[in-house]
Amino acid sequence: MRTAAGPRVTPALVGSARVTGAPMEGPASSFPHIPGSWRSWLWLAVPLLFVAVFFAYPLAQIGAQSFQDKYGAGVGLANWQYELSSAAVQKATAATLKIAALSTLGALLLGTFIALALSFVPFRGAGLVTRLIETVVSFPSFLIPLAFSILYGRTGVVNSVLGQLAPGLPALNFVNDVPGVVLAEVAFYTPFVVRPLLAVFSQLPRELLDVAGSLGSGPLAIVRTVILPAGLPALAASAGLTFLLTMNEFGIILFTGAKNVMTLPMLIYTRSIVTFDMPSAAVIACIQVALSLGVYCLYRWTYKKLSGANHAAAR
Amino acid sequence: MLLHAKSARLATWTLLAAALLLLVAAPLLVTFMAAFAGSWNGVLPTGPTLRHVAGALAADNFSSLVVSLQTAVFASLLAVLLGTWAAVCSASAAASPGLARVADAVFHLPAAVPSVVVGLGLLTAFSKPPLLLNGTVAIVVVAQSMLVLAFAYSTVSAAARGQDPMVALAAASLGASRLRVLLTVRLPLLLPDIAAAAGLAVALCMGELGATVMVYPASWRTLPVTVFALVDRGALFDAAANTLVLLAVTVTVLAVIAKCRGNSAVR
Amino acid sequence: MLSTMKKSRRAAPAAGHPTPAAAVVPENAVELRDVSVSYGTTVALSGLSLAVARGETVALLGPSGSGKSTALKAIAGFERPCSGRVVLDGVDVTDASPARRGIGVVVQQYALFPHMRVDANVAYGLKARRMPKPEIAARVKVMLEMVGMEGHAHKLPRQLSGGQQQRVAIARALAIRPQVLLLDEPLSALDASLRAEMLLELKALRAELPDIAMVYVTHDQSEALTLADRIAVMRNARLEEIGTAEQLYSRPAGAFTAKFLGGASLLPAISTTVVPDGGAMGSVLAGAHRMKAVAPFAVNPGGRVLVAVRPHAWKLAAGSPAAAAGWAGDGAGDGYTVNSLPGRVESVQWRGAGHRLQVDLIGLSERVTVDLPAMAAVPAPGDLVVLTVEPQHAVLVPAGEL
């Protein structure tokens with residue numbers, strides 16, 4: 001850069017009016033919209049159209065179908081009355097919710113432990129392990145029940161081994177039943193809990209833990225009073241998301257041998273593809289969608305509340 | 001550093017290893033071993049054989065693999081294109097907060113609904129006029145892309161909103177039109193996340209079962225459907241072999257995407 | 001290049017704001033006419049009117065939240081005013097997008113394009129204007145040489161240090177030969193020593209670009225004093241005062257400016273004489289002490305004013321501890337000189353170039369800051385001293401709210 005010139009003297013080109021701002025408020029308008037906002041809506045139209053045609057319209061058709069019989073004639077609420085009072089549907093609903101709750105709980109417990117261990121008890125391969133966990137999300141969901149069948153199935157490895165070691169014991173037979181489903185779902189959905197928690201925990205300053213420790217807190221107390229509260233929004237969000245996903249899960253149930261475990265998605269499949277009872281499938285689908293959307297809204301609302309509260313507390 | 005006592009750390013690591021064994025290692029390992037197993041009656045399989053894997057790559061199953069790959073690629077392309085389009089719109093400076101909220105709600109919705117319902121809907125709606133898609137390849141592609149659209153949108157929109165708005169404003173102040181800013185600044189900076197979204201989408205589509213099983217025509221069977229048929233018949237080892245092939249192909253596609261992303265300009 | 005830019009701006013005169021025809025006075029490069037910006041219920045800028053002439057540097061100086069950055073963004077087109085007009089070179093650009101305003105902006109975090117090399121960054125605006133490639137290459141070379149970055153043309157921004165990134169940002173903004181250069185706290189992301197160096201370089205750069213109007217936002221008064229022809233002091237989304245550095249320094253119009261620019265101590269006082277117009281000396285009574293100071297505005301007896309004295313204007317009277325001991329008893333006395341205030345030293349801080357004392361005045365419950373040059377004999381905390389100030393180095397300031 002060239003060397004600095006001597007000090008410049010600039011005559012004040014415009015008189016130095018002594019302007020003191022008169023006390024005046026601008027009109028209280030909302031955040032100023034640049035006039036392109038209408039254009040943004042127009043640009044959004046194409047993706048919106050795709051969702052409208054291939055998602056909203058089909059859902060509407062399902063709704064319409066639920067009021068019709070096999071041949072398309074309208075039957076009013078007959079289908080609904082029948083299905084809502086049928087034992088099969090009620091059992092399936094209960095089973096769906098039970099499995100979802102158990103799986104969510106298991107995934108939360110296991111996932112929180114894993115996230116805590118990876119974040120706060122560091123070891124040399126921790127990064128690699130984290131990436132490995134993230135790859136599990138890309139597995140097909142039926143991989144796990146398949147592996148479990150091979151391992152724990154009635155004619156599986158564990159049973160053969162046990163049969164040789166201790167012939168008197170009854171064979172393990174949980175894979176094709178609710179415990180098998182729950183175990184498989186926990187295995188599959190734990191990474192969904194671990195990932196957001198890892199992100200949140202990585203932002204927690206390490207000094208916070210050191211200070212808490214120096215003040216006399218033991219590790220469990222630190223987890224309870226410092227780490228978990230910070231992770232609460234992420235935990236709640238993961239819980240909500242996992243509950244939603246396990247409620248909707250189909251692949252795992254299908255591969256687990258659905259005779260013993262009938263959930264709502266499974267019921268929809270059997271009614272429509274296996275027995276071609278479309279109206280019945282439509283009604284059950286509506287019930288399932290109502291449940292799913294309800295859980296989804298609850299999850300978004302809880303997350304907003306909790307992360308809002310966290311931000312307020314952090315300030 | 002949460003735990004200071006060596007014993008506590010060792011205990012934690014042991015538990016962690018056990019948990020990871022259950023989650024990640026066991027399913028993969030078992031599938032791998034079963035794919036090459038002649039029979040498996042003890043702790044370890046016996047009689048290593050290639051016939052399951054050979055079967056997995058034989059005519060029928062191989063065509064399932066190709067079908068899966070094609071469907072996954074097209075569906076992912078569609079989902080990533082639309083998802084990025086919607087994400088860029090909703091994150092743009094000209095978008096009102098209302099638009100962003102509507103976009104978030106609408107594009108996350110398909111993920112809240114079970115895949116079988118998405119499939120059932122497509123089946124119901126497009127088995128009759130005005131648009132007949134029943135029994136075509138298109139309906140399978142649409143089904144899968146609708147399911148992964150939410151993930152693609154979510155990934156790209158999070159990245160787009162995290163972009164420093166000043167960079168786009170600086171570009172505008174230098175005289176660039178909105179289109180030029182989009183093409184030369186905003187999209188290139190989103191490329192890593194778009195690639196990540198594409199990878200995730202492909203992986204999800206390859207393993208998709210719920211919607212596919214509702215809408216697939218007999219001539220367009222994807223690999224997961226084939227695997228299910230095998231399991232239903234009790235041919236677990238063949239199913240494991242097919243699953244292994246599925247995994248291998250998925251991982252390869254992901255690696256290719258990651259490589260392409262690695263070659264482009266780095267942030 | 002310049003002519004095409006001017007043409008595009010003149011092509012669209014805004015309705016209701018006729019372009020001044022055949023103006024005798026050269027148009028201002030930048031004019032804000034009563035501009036207000038608010039977000040929901042928060043008022044970020046309230047009724048700002050400001051004019052910057054071609055070739056002039058105006059600094060917007062104020063604490064955070066004073067609205068200075070918002071004013072800059074309004075000029076740039078990054079924020080849309082909810083009332084008022086923004087006029088560049090006589091053309092109303094309030095509704096124009098940033099791309100069409102012909103301005104160059106350097107922001108605090110530089111906002112370089114991370115995925116482009118340095119030369120591509122600098123060339124960006126030129127490419128957007130569809131300049132021919134060879135001309136772009138030549139211009140980029142010139143700009144990089146101007147900021148001393150010609151050896152770094154092939155690097156990516158993340159390979160550069162903060163100071164280097166800032167120079168590239170400046171080169172990028174100047175490459176398009178804007179009429180107005182806007183800088184939003186460009187030095188605040190740098191560390192102190194680098195800041196001083198960059199400040200001098202900015203001053204030299206300014207000398208090489210005599211036709212550009214520059215608006216410089218900062219919270220640091222030394223940057224404003226070094227670079228600006230005029231300083232606009234801003235506070236609470238409003239313009240407090242505008243004037244040359246010399247005017248604001250020696251005749252601040254308000255208590256805030258006196259404190260913010262130069263850190264003056266303000267002593268509440270009652271005027272005891274009439275000063276019909278500003279300019280003469282005024283006599284006041286600060287507590288029990290008589291003082292004489294410059295009165296830049298009209299004062300009447302009994303009016304409440306503040307006496308502003310900058311830390312370096314105070315002097316310690318000779319033999320002060322002894323003289324001060326005489327004050328320990330009653331307060332005012334006629335025999336004592338004007339502008340002579342006793343006090344007790346509360347703390348002494350060595351600052352390398354001198355000492356900074358905090359002195360609690362006796363008879364007036366105020367604590368003043370006193371800067372003593374390095375060689376002066378320094379009292380110890382607890383000592384009694386007498387502070388004096390020359391009348392022409394003290395100035396009266398209206399007693400508004402601080």
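This is a predicted model: local features need pLDDT of at least 70, side-chain atom pairs count only at pLDDT 80 or more; totals for chains, interfaces and linings use all residues.
Local features need pLDDT of at least 70 and side-chain atom pairs count only at pLDDT 80 or more, while totals for chains, interfaces and linings use all residues. Residues are numbered from 1 along each chain as its sequence is written, with chains lettered from A and ligands numbered from 1 in the order in which they are written.

User: What makes the 303 residues a nonpolar core?
Analyst: A nonpolar core is a set of buried Ala, Val, Leu, Ile, Met, Phe, Trp, Tyr and Cys residues joined through C-beta atoms within 7 Å. Buried means that 20 or more other C-beta atoms, placed from the backbone, lie within 10 Å of the residue's own. The largest such set here has 303 residues, and C:Val307 is among those with the most contacts inside it.

User: Which residues are in contact with C:Val307, leaving aside its neighbours within four places in sequence?
Analyst: Contact requires C-beta atoms, placed from the backbone, within 7 Å. C:Leu267, C:Ala269, C:Val284, C:Ala286, C:Met291, C:Ala293, C:Ala394 and C:Leu396 meet this for C:Val307.

User: How do you know that β1 and β2 of chain C pair?
Analyst: Strands are DSSP runs of E, at least two residues, numbered from the N terminus. Pairing needs at least two DSSP bridges; β1(C) and β2(C) have seven, in the antiparallel sense.

User: Why are β2 and β5 of chain C at the edges?
Analyst: The open sheet runs β2-β1-β4-β5 in chain C. β2 (42-52) and β5 (91-92) of chain C each have a single partner strand, so one side of each is left without a neighbour in the sheet.

Definitions and conventions. A residue is buried if 20 or more other C-beta atoms lie within 10 Å of its own, exposed if 12 or fewer, and partly exposed in between; C-beta atoms are placed from the backbone. Two residues are in contact if their C-beta atoms, placed from the backbone, lie within 7 Å. Helices (H or I, at least four residues) and strands (E, at least two) are DSSP runs, numbered from the N terminus.
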